[in-house]
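Here are two exercises to work through with the model open beside you. Try each task before you read its solution.

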Amino acid sequence: MEAWLFVSPSAIGFLIFFLGPLCAVVYFSMTEWNLLTQQAAFVGLANFKNALLENPDFWHVVRNSVIFALGLVPLNMALALTLALALSRPFFGVVFFRTVFFAPVVTSAIAWAIVWKFLLQGEGGFINQMLAIVGISGPNWLREPNWAMAAVIVTRVIKMVGLNMILYIAALQAIPRDYEAAARLEGASRWQIFRMIIWPLLAPTTLIIMVITTIGSFKVFDHIYQMTGGGPENGTLVLAFYIYQQGFKFFNIGYASALAMIMFVIVMMLTIVQVMLRRKGAE
Amino acid sequence: MTQRQIRILYRTCWTIALLIVAIPFMFPFVWMVSAGFKSTTEIFGAPTLIPRVWRWQNFIEVFTYQPFARQYFNSLYIAILVTVLTLIISSLAGYALARMRFAGAGLLMLFLISALMVPEEVTIIPNFFLIRSMGLVDTHWPLILLPVFGPQGVMATFLMRQYFLALPKELEDAGKMDGLSRFGVWWRIALPMSRPAIAAVAIITFLSSWNLFLEPLIFLSSLEMFTLPLALSNFNDSYGLPLWNLQLAATTLAVVPILIVYLIAQRQIIESFALSGVKG
Amino acid sequence: MTNVFLKGIEKRFGSVEVIRGVDLQIDDGEFVVFVGPSGCGKSTLLRLISGLEHISAGDIYIGDRLVNEVQPAQRGVAMVFQSYALYPHLTVRDNMGFGLKVRKVPPAERQRRIGEAAATLKLDALLDRYPRELSGGQRQRVAIGRAIVGHPDVFLFDEPLSNLDAELRVHMRSEIAALHKRLATTMIYVTHDQIEAMTLADKIVVLRDGRVEQVGSPRTLYENPANIFVAQFIGSPKMNVLPADAAPLLAALPATPPSAESVGVRPEHLTVVSPGEGVLRGEVTLCEYTGAVTLLHVALDGGHDCLVIYDEREMPGVGSVIGLRAEGQNLHFFNQHGQAILASAHST
């Protein structure tokens, strides 16, 4: 009983602001509810049918989200691991570099996006001015769908890579130095040591980072909102932004709730895959 | 070349490579501050790192264009409130989950774990109607309640629980022998010994509240209620185009204090994120 | 007068029975040691007395007061933990004063008692240090000091010396003995180390699988163990237990008790003789020289192994055959259930 005094603030808030809404969104997703209907009318799975079979926007959004994830996750992880390998041992300047690479993580995504949007202006933007010096005429980054997607991915990677770098550094530092020493005595090269000792030992960390980063890539909202607003030509319209747009701009509550459910399922599946892989790794 | 020279060369090459990689991480901050002082014309003229004319008015106009001081204060007090509430609630629940046996503990854990994984975008629509039915739209309540009880709060609970689990149990027994109640053990022994976890929760919670965007965007409509990220994205002219120099000046004002704190406490802050990531 | 009385104590964790009915009388001022192999329930029993664990059945009286439902802090007991359990965020002074503060003892009185305890334990110079700045022995003293300042009626020690190195352990053992002499308070002490038990105790309680095997003074336990378990647990190296028909070969006895199944004899009570007829014979398989004595491992003809403490200068070589003898009074007979057959039945 005493224990419930400790957990009740948390448990009650959790019921009201999480479990309740989670149930509600399941119901909402099966209603027709928009500016015209003004209130919810039960329509079964019509919203899901609409999203999956009828509305071409949905698959466009899914395609964008997948491209975003496929671009962001490998780039983020490769850069994070490279930086971590370079910065896991003390040397002169290591604190400086760690501080620099992590700084964007503590910065607001909106602020980060504002500055990059500014740097990536088509005319008079700093990036293009620099390119002009070496004789390249840069594109209007945020006004062309493919370039906009690339720009959003890269700036997001720079913003968030520090976090994964820190996780990799922590994992690297937890590997006993004796392994490396033993391998070196047996004549292994640096690459062999990495490939045959470090990389396998990092596998659990890599798995966790991969899933966290993938889930994070499906959740990205503020960055896109500020940099491109989903444009140009819906070229950066990703799932989280689409939910916001449908729910709060167009007031398609039923449809937006169905989208939220789809996002929920995607994230759940990713998590289950992670748990299964982790179990398999543990065996 | 000797071994030593090879090593120095190798080191130097690495350092130069890292410096090049570091440019896109550092340069936006530098350029942000620099552009914050420029006039509109200079901003899109030939690039200069040091403004030709230091336009200090930008920083005054920031405050006249929007109630920026008020918005700054909103962000600050909300972040502090969210941090304090999260610390209290998560450490209480975390302690119970770590140390007490009670009916429903397993179920509660299961629910909390699931909450950890569900993005807030999933529940934001029902939450909007919930908040609206409470008459709390365009107040700061949703920006306080949703993070405290949302995924962020759950993560804090787990972090605290994990830390409490690792505390030696005999210390708490000693506390009981000294006459402390459960509550006393939590307050006078478990909490003082959990400073690293408390610091981590405080830092991460504060930053995530400070940077919160989706909730303010959805719930706030009047300028005086805005928080910083929302205010920053709102520096547009009547055609919806950014007022670049004001926006960048405001962004500078919002970002630089956090960066200064970060530079002072970088070790602690980075460790906090590492701690939460490892546990999460 | 603070005696402790346990009546029919039982403790279950879920379906696991840890304590299965313990009755025990502890007198005022007595130093009682609970000893037994790991998992025997000795620490649990101590925690039941302290109130940190709740009994499943039975009654606990401390100083004639029934304390089944009394909170730990109100039982008038103080505990010294195995890990010392010093609060890392408090200085030595605050650690010792913490319980007094919680009990709202006025500051002046608090300081007086801390000073007193610090003087007793030679901690004066360390009062403003933090636990991490202390050595193992110093931490141990602070843990004891924390127990002393509350003027408890009963001290509880939970394997307090197990984290110290051998030398310090011997030293702290004598300090605890001296402390008991000075305070003359009832003390209950848990250990798995039978040497600690033997040296400290007025009364030893041997536990196995949640039951009391025997209660008695160290001498009683050594000389008249109630069963094979106690016989082998007390004393080092442990007692040899041989089939009863080895007894007539070891000593000239009027008669082996008819119900005897086995006979026990301690290694230090065996003497080496020449392997003639009518003596117990065996082959030496290993000699462990320790300086003062040599420990002989002997493989007996009947297939049993036997340990012998040998204190002569010239050692029998490995492989040589020797004979073994013992005094009749040093033989312990056990029946088929491992229970001792009373000494009066066979001693002359």
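The exercises below concern a predicted model, and each comes with a worked solution.

**Exercise 1. The sheet of chain C**

Work out the strand order of the open sheet in chain C, and find which strands stand at its edges.

*Solution.* 
- Step 1: Trace the 4 strands across the sheet; the order is β2-β1-β4-β5 (chain C), and the pairing is antiparallel.
- Step 2: Look at the two ends of that order. β2 (16-26) and β5 (65-66) of chain C each have a single partner strand, so one side of each is left without a neighbour in the sheet.
- Step 3: Now check one pairing in detail. Strand β1 (residues 4-13) and strand β4 (residues 57-62) of chain C run antiparallel and are joined by 5 bridges. To find your place along this pair, locate C:Glu10, which stands opposite C:Ala57 in β4(C).
- Step 4: Helix α1 (residues 42-50) of chain C lies across β1, β2 and β4 of chain C, at about 115° to β1(C).

**Exercise 2. The interface of chains A and B**

Describe the contact between chain A and chain B by its residues, its area and its polar pairs.

*Solution.* 
- Step 1: Count residues: 79 of chain A are in contact with 83 of chain B.
- Step 2: Take the area. About 7,300 Å² is buried between the two chains, with carbon and sulfur atoms giving 83% of it. On the chain A side, A:Phe6, A:Phe17 and A:Phe118 lose the most area to chain B, together 12% of what that side buries.
- Step 3: Search for polar links. There are 0 salt bridges between chain A and chain B, while 6 residue pairs are in polar contact across the interface.
- Step 4: Sort the chain A side by class: 61 nonpolar, 11 polar and 7 charged residues touch chain B.

Notes:
Residues are numbered from 1 along each chain as its sequence is written. Chains are lettered from A and ligands numbered from 1 in the order in which they are written. This is a predicted model: local features need pLDDT of at least 70, side-chain atom pairs count only at pLDDT 80 or more; totals for chains, interfaces and linings use all residues. Side-chain values use heavy atoms; hydrogens and water are left out. Two strands pair if DSSP finds at least two bridges between them. Helices (H or I, at least four residues) and strands (E, at least two) are DSSP runs, numbered from the N terminus. Contact means heavy atoms within 4.5 Å. Axes are lines fitted to C-alpha atoms, for helices over the stretch in contact, and angles run from 0 to 180 degrees between N-to-C directions. Buried area is the accessible area (1.4 Å probe) that two parts lose on being put together, summed over both. A salt bridge is a side-chain nitrogen of Lys or Arg within 4 Å of a carboxyl oxygen of Asp or Glu. A polar contact is a pair of N or O atoms within 3.5 Å; within protein, one must be able to donate a hydrogen and the other to accept it, and residues adjacent in sequence count only if both atoms are side-chain atoms. Ala, Val, Leu, Ile, Met, Phe, Trp, Tyr, Cys and Pro count as nonpolar, Asp, Glu, Lys and Arg as charged, and the others, Gly among them, as polar.
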